[in-house]
Each structure stands twice: as C-alpha cells, then as structure tokens.
Amino acid sequence: MSNAKVLPLLDREVSEVVAPCCPPLTERPFTAEEAETAARMFKALGDPVRLRLFSAVASHEGGEACVCDISDVGVSQPTVSHHLKKLKEAGLLTSERRGTWVYYRVEPSVLAAMGKLLTIVPTSA
C-alpha cells in the first residue's frame with residue numbers, strides 16, 4: 001500500500017499565486033532593487049553550463065533532479081557544483097540533501113515570475 005497523497009490543484013490563476021521579482025519590462029521602469037534581483041537571475045543564466053543545468057533540473061521528471069543525473073554537461077564535478085551554487089544564490093534553484101546526494105528543484109513560482117517579467121503588457125490606446 002502506498003503512502004503517496006494526491007494533492008489538489010490550486011484553483012487560483014498563476015498571477016494570484018506568484019509574487020514576481022519585478023513587473024513586466026513594459027509596465028514601468030525597474031527600481032534599483034528590482035533591477036538587482038533581475039540582473040542576478042539573468043547573470044546566472046548567462047553562462048551556457050548554468051543554463052543547461054537549469055534546463056536539466058526544470059525539465060527533469062518530477063520537477064527535481066539528483067546532481068548525479070544532471071552532471072554530464074562537459075565540465076568537472078567541482079565545476080558543476082560551482083554552477084549549481086551560483087544558480088541557488090540567484091534564487092533560481094533550491095536543494096535538499098538526501099543521504100549522499102543532493103536533489104535540485106526549480107520552484108514553479110520562479111519560472112512563473114521570470115515569465116511575467118518578460119511578458120508584454122498591452123498599452124491602452
């Protein structure tokens with residue numbers, strides 16, 4: 001018998017659940033704090049290895065990936081760890097140690113917030 005529970009989906013729209021880091025680029029100019037936050041995220045994703053790692057975690061079955069499953073990106077293990085640390089510092093990944101392995105996860109709110117940031121808001125005519 002399984003102990004797994006089926007959790008209900010939220011009925012609210014994503015915009016009600018997510019607190020984006022910044023408004024859409026076309027809404028208004030960023031404050032200094034918003035610009036710092038967005039720049040950290042984009043800087044972290046500006047490296048091809050980090051972008052591959054972020055994509056590997058985001059697209060992994062179940063929404064999380066063991067470091068052992070995503071380390072094949074053409075660099076050494078210490079370099080992978082460095083890049084994962086940078087992604088965590090930018091707020092793009094969270095992690096959890098389970099035994100000897102670390103599992104990484106992209107919080108859905110992070111992806112939604114990044115999508116909102118790049119959304120074009122129609123202007124009134």
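**View 1. Strands β2 and β3 pair in the antiparallel sense.** Strand β2 covers residues 94–98 and strand β3 covers residues 101–105, with five bridges between them. Strands are DSSP runs of E with at least two residues, numbered from the N terminus, and two strands pair if DSSP finds at least two bridges between them. This is a predicted model, in which local features need pLDDT of at least 70, side-chain atom pairs count only at pLDDT 80 or more, and totals for chains, interfaces and linings use all residues. Residues are numbered from 1 along each chain as its sequence is written, and side-chain values use heavy atoms, with hydrogens and water left out.

**View 2. Bridge partners and the turn of the hairpin.** Thr94 has Arg105 in β3 as its bridge partner, and Glu96 has Tyr103 in β3. Two residues lie between the strands of the hairpin, where Gly99 takes a positive phi near 65°.

**View 3. The charged end of Arg98 sits over the ring of Tyr103.** The distance to the ring centre is 4.3 Å. A charge counts as over a ring if NZ of Lys or CZ of Arg is within 6 Å of the ring centre and within 35 degrees of the ring normal.

**View 4. Three strands form an open antiparallel sheet in the order β1-β3-β2.** Strands β1 (64–66) and β2 stand at the edges with a single partner strand each, so one side of each has no neighbour in the sheet.

Key:
Helix = DSSP H or I, 4+ residues; strand = E, 2+ residues; numbered from the N terminus.
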